Amino acid sequence: MTAMSDTPRPDPLTPVLTRRWQSPRSWSIGTYEQLEGYQALRTALAAHPDQLIQLVKDSGLRGRGGAGFPTGMKWSFIPQGPTGPGAKPKYLVINADEGEPGTCKDIPTMMADPHALVEGCIITSYAIRANFCAIYIRGEALHCIRRVRNAVDEAYAKGYLGRDILGSGFDLDIVVHAGAGAYICGEETALLDSLEGRRGQPRLKPPFPATSGLYASPTVVNNVETIASVPAIVQGGSDWFRSMGSEKSPGPKIYSVSGHVERPGQYEAPLGITLRTLLELAGGMKDGIPLKFWTPGGSSTPLFTAEHLDVPLDFEGAAAAGSMLGTTAVQVFNETVSVPWAVMKWTEFYKHESCGKCTPCREGTYWLVQILERMVHGEGTEADIETLLDVCDNILGRSFCALGDGATSPITSAIKYFRQEFLDLIAQQPAVARPAQLDDLVGAQA
Amino acid sequence: MTLTQDSGAEARPVPAGHVRLTIDGLEVDAPKGELLIRTCERLGIIVPRFCDHPLLDPAGACRQCLVEVEMGGRPMPKPQASCTMTVADGMVVKTQHTSPVADKAQQGVMELLLINHPLDCPICDKGGECPLQNQAMAHGRTDSRFVETKRTFPKPLPISSQVLLDRERCVLCQRCTRFSEQIGGDPFIDLLERGAEQQIGVAQDKPFQSYFSGNTIQICPVGALTSAAYRFRSRPFDLVSTPGVCEHCSSGCSQRNDTRRGTVMRRLAGNEPAVNEEWNCDKGRFAFRYLTSRQRIIRPMVRGADGVLAEASWTEALRVAAEGLLAARAAGGVAVLPGGRLTVEDAYAYAKFARVAAQTNDVDFRARPHSAEELDFLAAHVVGRGPEVLDYTRLEAAPAVLCVAFEPEEESPIVFLRLRKAARKHGQKVFHLGQWTTPAMRRTAPERGAAESAAHDNLIRAVPGSEAAVLADLPDDVVAALTGGGVILVGERAAEVPGLYSAVSALAERTGAVVGWVPRRAGDRGALDAGAVPNLLPGGRPVTDPAARAEIEQAWGLAEGAIPARPGRSADEILAAAAMGELAGLVVGGVDPYDLADPQAALAGLREVGFLVSLELHTSAVTELADVVLPVAPDAQRAGSYLNWEGRRREFGPALDASGVLPDCRVLDTLAVEMDSDLFTQTPAAAAGEFARLGGYGGAAPPGPGVAAGEARRPAFAQAVLATWRQLVDESTLAVDEPALAGTARPAFVRMNAATAERLGVTEGRPAAVRTDRGAITLPVALADLPDGVVWLPANSAGSRVRATLGAGHGDVVGVTAADVPAGEALVGISAGSTS
């Protein structure tokens, strides 16, 4: 809101989150400290926690885990005060259970620059007055878990963690927790249950984690990239942060470009960059084969086609074009890829990862997979397309958590843009003859 | 008047604590916090549901109950689960009746629920009473579009000897797992795997050994959980259902008897919010095969000159019995032992029979260890009291409860469920005066966050025998908790510890806590009020009060002074007198001599008494010795009522055809007529009517007992003090012929702490022998947190029939050795103790 319109917009390639990634041994505390690491922490500890919450509110930082909830507002929901709900211990939990197909921004962040996350955790914990922070990392990312654990150990050794951090009187312990590889545990309440040692399934809301999260205490659950952005905001200020990106989606973002491009990888850019620019940065389509479809933010976001090359990839832009920014996992597919096949593979993932708690997601994905597999194997019918859409309609908005909704996105968007490809799949196949003896069976109709 | 009503309706204020909302165009006021689905129910709008259950916490898992909701004029973007959303002011709700979106959402969820369901309704136990079947008919599509492959599982999966799981039928509503976790508190079952492979399951080697497992079968909204006893036996539409009352313990559960062609096929928990809510225990649900046991006695039997019992006509049997009793009455007197399993009407008939026909106060229902102190306690604190003093609701609301000589889960499971509910819902402090931390104690501790899951110590330990002294010197926090609305629940086992009833009486006076007496058997409380005790006439009238005697004599049409002025003898004294030849005749109801403190002495009495009449359901140790055996009707074939521990009258009618069998009160009435006395108890209704007309005692209750606290015995080398009580599922007579239920009994162990095990030279998991000079019980050792020098045995479990084998009981000293040590070397004789 205080962003000045006359501030020169920085070059899209001025890295903030990734600026240390190329440095030698970028993950070590020595490198981090050389490159201004843990300076923001000193600034933060000199401030009042409420000032930090206000700073992050002013910066307009929005959650980078997919939903884009304003981070400062989330922090301000934590009840404070010596009595009532504010008297309970407060917790910070980092959602590092990165599992969305195509999404690969948090793991590189933790591999290349774990101390940015650790410093962000300390500042955030100080702001919300938490003395315990848990980083919940996907179990398969073993190397990453080692990196972050090592970074936490280094931070303890240097006095950035533990008792009386830098003489401020503030105490913080960080625990790095290895998940067991369930997509559902990326859902924040399932993550909390899993962290508590229970079966990872989403909790009924309300109560929300802000009042009753980990161990029924006030809890902030934030994504890795969100928290890794915090030290930069403390150092640079909210105006600087707002100089990047758009009014409602300020700041830098890591776009994970994968698929049929010449140079797949992590591209940090201010929010609102387009695929056209990203493709230029990534060296264009691989071997020059034209673009067919792409996801703006992982498989749970409705897919886009070549006509969406100039959609600004921020929260508003993606939504206005009928999709979601999600986790900015830009998966790019060229013309050699069959849309029904790709959708089938995604749906197989959702079926495999459905937690089973609610009927629509559990049974719906089980059904959708079978229809899609049948269609891809050339045994579909025209009615199957309507059935797919109707089953999706019965899942979308009916499931317990957003993961069921996400499972329908690839299917409905694929049929929206590529219905003919599904129809062609059916047309290629000879009609299955109806066995003659069926007519003799009493009551056997259709 | 019409005008005021109209204008009042327009400006009708929302009652305090309520909100006003609109459902399907109907304006309704609902209490704050009410779930939408409940408000709909009150309006008569039934929203289909599976996971929702009013006594379980909301889950929102099945998504069947979706409705459209508008808040503050803004429609919510998604349909909402009405089982998890609470009402709010100004909310506008559209159910399937007025919202096409809600209707389609419900049909969609129903179709999804059915894609993996086997649709085997024609062979399913639940078919005909199945919420899935019914709601699929009402809210589902007429056909399915699912033409793919269904998920299959091997089935059925026995998750205990009693409960079988069909995972294909399961719709994963989690009612069973939530029941086990929330209500029973023993979550042996849980969800396994995920997605479409998600299933209910048990851990390896940990079957579903819950005393409440049968409830999961009843609340399962599909046929996924079935019982071994009922599976494939019957169709719901062939059953005739009769409401009933459970005969097993003093909880007083409502139940439903489902019968077909003269046989009880199954029993279900009845819905009785004030008593058992919607639950019962597995014993109440499954233990009814005694009705068809081969030991059932159908015809009267008379012992002939050859000493053999032979079937006889009712006329002959009653004549022989009456002649024998009349002769005995003249020779040395007749006493009456009714037993603790009688209805109020039968107990009243026994009480009246004793005074009118046998002309004695020698009548005692207590077929278990008992004491004179107990009678004083019952007269002072229990008799004549109804639920207005202490009932389940007040028990649940109490801030603190102390259980004395009472193991709630084993001895009155529904009381246990209430205590657990209170501890879980509002942090009721439940203290247990006992010996070791039983499963029930852990589950009546307040629930805590996982971060502070350290075991809550709500056990007040006492060496058996020292309970009264411990009670007199309770920790301050316990006394403070009891002061101000606390409740003390005392069990019948208090009679085994001298001074304990007196200590309870004193503690109640000291703290103002309300006392509840929870006997183990269903009939004890009613028999007390009906006057089947030596010191009290019906209605709690003291025998020693001339006015009370006169009142009864007048009501019964007896001559003045016909009722003896002195209290009669207790059951133990009666049997001792019989053994000494000081008693000539005995009328015995449902008494098992092995339940008494000294079974050998009891058997001696029964053997030596001149003339023995037995009224029984089954052949027993008493019928073996009886001169005349008169069969009586089981509850299923009669009407009657019990007084449960609250003092609440629990009436029931016959579930089966009752022709050819007679209730005790009718048999006694006819027997009395043969003896030239009239009881006027031809029918239970007649007996109940007369008992009700008598009313209660108008005089002041006597003071509580004042017996000094006893001391614990001191065990010598290779000895220990015995602690013992019964398990719910054990070798009890009424649980015969039910092997599936027996399979869920808790395994029997001899329990002691590690130091005691070391001192006694026994090893965990290895057999140890507990001995007296009468016999030995050999069981594997399990370690538990008992006091030093104390061992615990289940009182009547397979391989551990303590009174019968050892002749000893709670508080007695027993010898304990490793079982492979020869008996003679390790142990010098210990004589069987007596507890009173």
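Predicted model: local features only at pLDDT ≥ 70, side-chain atom pairs only at ≥ 80, totals over all residues.
**Ground rules.** Local features here need pLDDT of at least 70 and side-chain atom pairs count only at pLDDT 80 or more, while totals for chains, interfaces and linings use all residues. Residues are numbered from 1 along each chain as its sequence is written, and chains are lettered from A and ligands numbered from 1 in the order in which they are written.

**Two helices in chain A.** I looked up helix 13 (residues 339-353) and helix 16 (residues 402-427) of chain A, whose axes come within 8 Å and cross at roughly 150°. Helices are DSSP runs of H or I, at least four residues, and strands are runs of E, at least two, numbered from the N terminus. The axes are lines fitted to C-alpha atoms over the stretch in contact, with angles from 0 to 180 degrees between N-to-C directions. The pair is therefore roughly antiparallel (the term covers angles over 145 degrees). Contact means C-beta atoms, placed from the backbone, within 7 Å. The contact residues divide into 12 nonpolar, 1 polar and 1 charged. Nonpolar means Ala, Val, Leu, Ile, Met, Phe, Trp, Tyr, Cys and Pro, charged means Asp, Glu, Lys and Arg, and the others, Gly among them, are polar.

**Where A meets B.** Chain B puts 31 residues into the contact and chain A puts in 28 residues. On the chain B side, helix 3 (residues 100-115) gives the largest share, 6 residues. That side divides into 17 nonpolar, 8 polar and 6 charged.

**Helix 23 of chain B.** I found this helix mostly covered, with 9 of its 11 residues buried. Buried takes 20 or more other C-beta atoms within 10 Å of the residue's own, exposed 12 or fewer, and partly exposed lies in between, with C-beta atoms placed from the backbone. Cys665(B), Val667(B) and Leu671(B) are among the buried ones. The cover includes helix 8 (314-331), strand 25 (585-590) and helix 24 (684-694) of chain B. Just after helix 23, Asp676(B) takes a positive phi of about 70°.

Asp657(B) is in the loop between strand 29 (649-652) and helix 23 (664-674) of chain B. I noted Asp657(B) as exposed, because it has 12 C-beta neighbours inside 10 Å. Asp657(B) and Arg261(B) are 396 residues apart in sequence, yet 9.4 Å apart in space, C-alpha to C-alpha.

How values were computed:
Parallel < 35°, antiparallel > 145°, perpendicular 65-115°, else oblique. Contact = placed C-beta atoms within 7 Å.
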